[in-house]
Amino acid sequence: MVQQEPAGAPGLAAAAVVGEAAAATAEVRLSRRRWAVVLLFSSYSLCNAFQWIQYGSINNVFVRFYGVSTFAIDWLSMSYMLTYIPLLFPVAWLLDKRGLRFIALAGSALNALGAWVKLGSLKPHLFPVTVLGQVICSLAQVFILGMPSRIASVWFGSREVSTACSVAVFGNQLGIAVGFLVPPVLVPNVENVEKLAYHISIMFFMTAGVATALFILVIIVFKEKPPHPPSRAQALIQSRPTEEYSYVQSILRLLRNANFLLLMVTYGLNTGCFYALSTLLNRMVIRHYPGEEVNAGRIGLTIVLSGMVGALISGIWLDRTKTYKQTTLVVYIMSLVGMIAYTFTLSLGHLWVVFVTAGMLGFFMTGYLPLGFEFAAELTYPESEGTSSGLLNVSAQIFGIAFTIGQGQIMDHFGTKAGNLFLCSFLFLGTVVTAFIKADLRRQQASLDNEQTRLQGSNQIMDYGTVACNPNPINSPSCSLAHTQRCQSCPTKVMPGACTDPIVLEESKL
């Protein structure tokens, strides 16, 4: 059946052709500001992630200070996951309509506001105030999690995009690492409640000061986009007429993309396990090593720092090889192996062994996070990276809440080993599903197609220039060998002196 072309379609088709032509001839140049933008984003993402885990890393201390249950403190972490789910689509819509700068300002402002609200909760009976501050910070997180792949694609060239995405994700991971390390040091488990309140106030004041400084820097430094597109793929997106884009249609197209749906499930399973492990780590370690709050934080630090190294190596590897499917599958398998090793070494009574296995687990499990973002951007191009990343994060939050509650209950009734085996079973499921994802690398193909279009245009110009070819090579020694090999109509095309030089258009060298 032949579908009738809708009214206005010829105009859109013509606009698309014009857009593709403009993208092929657009000046591609990298901005010097790009690293400042991604590092600033990483910094306020760090601050927000620190506030997510600062309660869970010293769960037993806050339980005693506020006189609430461990489950109530767990919900301070899970509030980040719960808030994200209903607000993803409105914020992703704002990202597409209002742009990167607006989202960056909103996220950094809410992050600072939540930090200041927490300063009003320094009495044991003010637990609801600290809940309010944490909820505001969780709102800020909604404006942060979907940004890494969008910043990478808007500001960075095709050879840097995976590395830039890894650097952007670094901030969040480093914030979790600092959240494991600093609270046990700043807030020791002292008996006197007033002294405990004093130590908590120092941590809250420091956090609020840093968050406010970062908000000011975002106002000054963060720009919407660079003056010139950094890649051919981005030039094609920027040249697309605005009436072509429909946010609702974009979501529907993503939900009809079978490979992306499989990636949503696998990303949610892996990241959900990481969220549960991070939230419950203090309880696990303290159960087997009483009084080791500081070392529990250091184990969390080891997990995240090793994961940052893994993410960086993965990003560089992807930029060089573009083997998204293979790399993702290998990292997933090794995450499962690391989780099994951690599960069976936690109760051996040797902390150094736990540090080693936790580092191995973190290298792959945390290192998987930017891989998922970049693989999604490839599978869903030219859809908005903010939308695809947001859907991945919704999956992660849903699984994170379910795994945190489920593992917590299993730990309470059957012990830590049973709880960790619960996570292992889902990592195994994620590994199997990952094997069924097809490597449909649409963004890479678009860059190649666009480059071929540009080269074909250049060749046409050069073919036109061959009308100046001189059939007498002896009298025209002006053409280089590289040039004469391109002269398709010159009767002396293999001889270096056969024709005069045509006009050659070269791409700007980055």
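Guide: We can start with the whole chain and then go to single residues.

Visitor: Okay. What kind of model is this?
Guide: It is a predicted model.

Visitor: How many helices and strands does the chain have?
Guide: The secondary structure comes to 20 helices and 0 strands.

Visitor: And how many residues, with what share buried?
Guide: The chain has 510 residues, and 55% of them count as buried.

Visitor: What about the accessible surface?
Guide: The accessible surface of the chain is about 21,500 Å². Carbon and sulfur atoms make up 67% of that.

Visitor: What share of the contacts links residues 24 or more positions apart?
Guide: They account for 81% of the contacts in the chain with a separation of 6 or more.

Visitor: Is α16 enclosed or open?
Guide: Largely enclosed by the rest of the structure, because 13 of its 13 residues are buried.

Visitor: Switching topic. How many disulfides are there?
Guide: The structure holds 0 disulfides. Take C47: the nearest cysteine sulfur belongs to C137 and is 7.7 Å away. A disulfide needs the two sulfur atoms within 2.5 Å, so C47 is in none.

Visitor: Is C47 buried or exposed?
Guide: C47 is buried, with a relative accessible area of 5%.

Visitor: And C424, what's its nearest cysteine sulfur?
Guide: That of C273, 8.2 Å away. C424 is in no disulfide either. C424 also counts as buried, at 7% relative accessibility.

Visitor: Now a loop. Where does S57 sit?
Guide: S57 lies in the loop between α2 (34–53) and α3 (59–66).

Visitor: Is S57 buried or exposed there?
Guide: Buried. The relative accessible area of S57 is 2%, and under 20% counts as buried.

Visitor: Which residues does S57 touch?
Guide: Leaving out residues up to four places away in sequence, S57 touches G179, F180, P183, P184 and N282.

Visitor: Last one. Which helix holds I340?
Guide: I340 lies in helix α14, residues 324–345. At 36% relative accessibility, I340 counts as partly exposed.

Visitor: How far is I340 from K417?
Guide: In sequence, I340 and K417 are 77 residues apart. In space they are 9.9 Å apart, C-alpha to C-alpha.

Note on methods:
Residues numbered from 1 in each chain as written. Predicted model: local features only at pLDDT ≥ 70, side-chain atom pairs only at ≥ 80, totals over all residues. Heavy atoms only, no water. Buried < 20%, exposed > 50% of the residue type's maximum accessible area, 1.4 Å probe, protein only. Helix = DSSP H or I, 4+ residues; strand = E, 2+ residues; numbered from the N terminus. Contact = heavy atoms within 4.5 Å. Areas by Shrake-Rupley, 256 points an atom, 1.4 Å probe, with all protein chains shown as cover.
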